[in-house]
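Visitor: Hi! I'm new to this one, could you walk me through a few spots?
Guide: Happy to, let's take a look together.

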Amino acid sequence: MKRHIALIPAAGVGERFGAGKPKQYVEINGRTVLAHTLDIFTAHPDISLTAVVLSPNDTYFSETHQACFQTASDQLIVLRCGGESRAETVRNGLNALLERGLADAGDNILVHDAARCCLPAEALGRLISEAGDAEEGGILAVPVADTLKQADEHRRINATVPRNALWQAQTPQLFRADLLQRALAEGDLSRITDEASAVEMLGIRPRLVQGDSRNLKLTLPQDEFIVRLLLK
C-alpha cells in the first residue's frame, strides 16, 4: 500500500536571516521553527513517517531538542546526511530512506521546507488528495497576485510580465520516490531550485495544487513578525 512520507531538508545555514544560527532553530513562541514544522506532519493522519535531514555537523538538534517529539517518536526519524545544497540534501535523504527500507519506490515523498512552519493542515490534505495518485506528482502553489516587472542591468523596468499563467511555488512538493530519485540522480544539481524543477527536466509536467498564503517561508528577519502571529 502506498504511503505518504514527509522529508524535511534542514541542513541549511540560513545566512540571509542573520540570526547567528540556522533559521530553523530560531525560537518562536517558545519552540524552534523546526519543531513547529515537524509537528505539522507528525500530527497529520495521512503521513506515515517524517524524516528530517540534518547536516552531519549539526550541533543544534540535540537530545533536548529531539525530546520535543517524543509523543511521535515512532513517526519521526533523524538522518544526518545533509549536503551542500538543498537538492543534495533531498537526494541524500531520499536515498537513505530507500536503502534502509523505510520507503519503497512507490511511496509518495513530500519534500517540505523546514522554514515553512505555518502550513495549514487542510492545504497538506489537499495536496495529498489531488496529487497523491498522479503519476506526474504535484506541488502546492499560489497564483501570482502582484504585478511583475522585469529589470534591465541598471535595475530599471524593462518590461511588465503578464501574470495570468504564473504561479508561486510552495512546498510540500509530492512525487513518487522512484520518480524523485531518478530526477535528482540525472539532473544537474546546480540547476535545481526545487524538486519540481528536477522532475521537469525529465519532460514531466507536475500538477499545480492550490496552496495557501499562510504557508510562507521564513527567509528575512521581517518575516518573523508574521510567523509569530500565524503560530498564535
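Visitor: Is H44 buried or exposed?
Guide: This is a predicted model, and in it H44 has a relative accessible area of 11%. Buried means under 20%, so H44 counts as buried.

Visitor: Where is H44 found?
Guide: You'll see H44 in the loop between helix 1 (33-42) and strand 4 (49-53).

Visitor: And what does H44 touch, leaving out residues up to four places away in sequence?
Guide: H44 touches A121, L124, G125 and I128.

Visitor: Which backbone nitrogen lies 3.1 Å from a polar atom of the H44 side chain?
Guide: That one belongs to D46.

Visitor: What about I47, where is its place?
Guide: I47 also sits in the loop between helix 1 and strand 4. With a relative accessible area of 5%, I47 is buried.

Visitor: Which residues is I47 in contact with, apart from neighbours within four places in sequence?
Guide: They are H4, A6, F41, L110, L124 and I128.

Visitor: How far is I47 from C81, going by C-alpha atoms?
Guide: Their C-alpha atoms are separated by 22 Å, and the two are 34 residues apart along the chain.

Visitor: New topic! Is F225 buried or exposed?
Guide: F225 is exposed, because its relative accessible area is 57% and the cut-off for exposed is over 50%. F225 lies in helix 7 (residues 223-231).

Notes:
Residues numbered from 1 in each chain as written. Predicted model: local features only at pLDDT ≥ 70, side-chain atom pairs only at ≥ 80, totals over all residues. Heavy atoms only, no water. Helix = DSSP H or I, 4+ residues; strand = E, 2+ residues; numbered from the N terminus. Buried < 20%, exposed > 50% of the residue type's maximum accessible area, 1.4 Å probe, protein only. Polar contact = N/O pair within 3.5 Å; in protein donor to acceptor, adjacent residues only side chain to side chain. Contact = heavy atoms within 4.5 Å.
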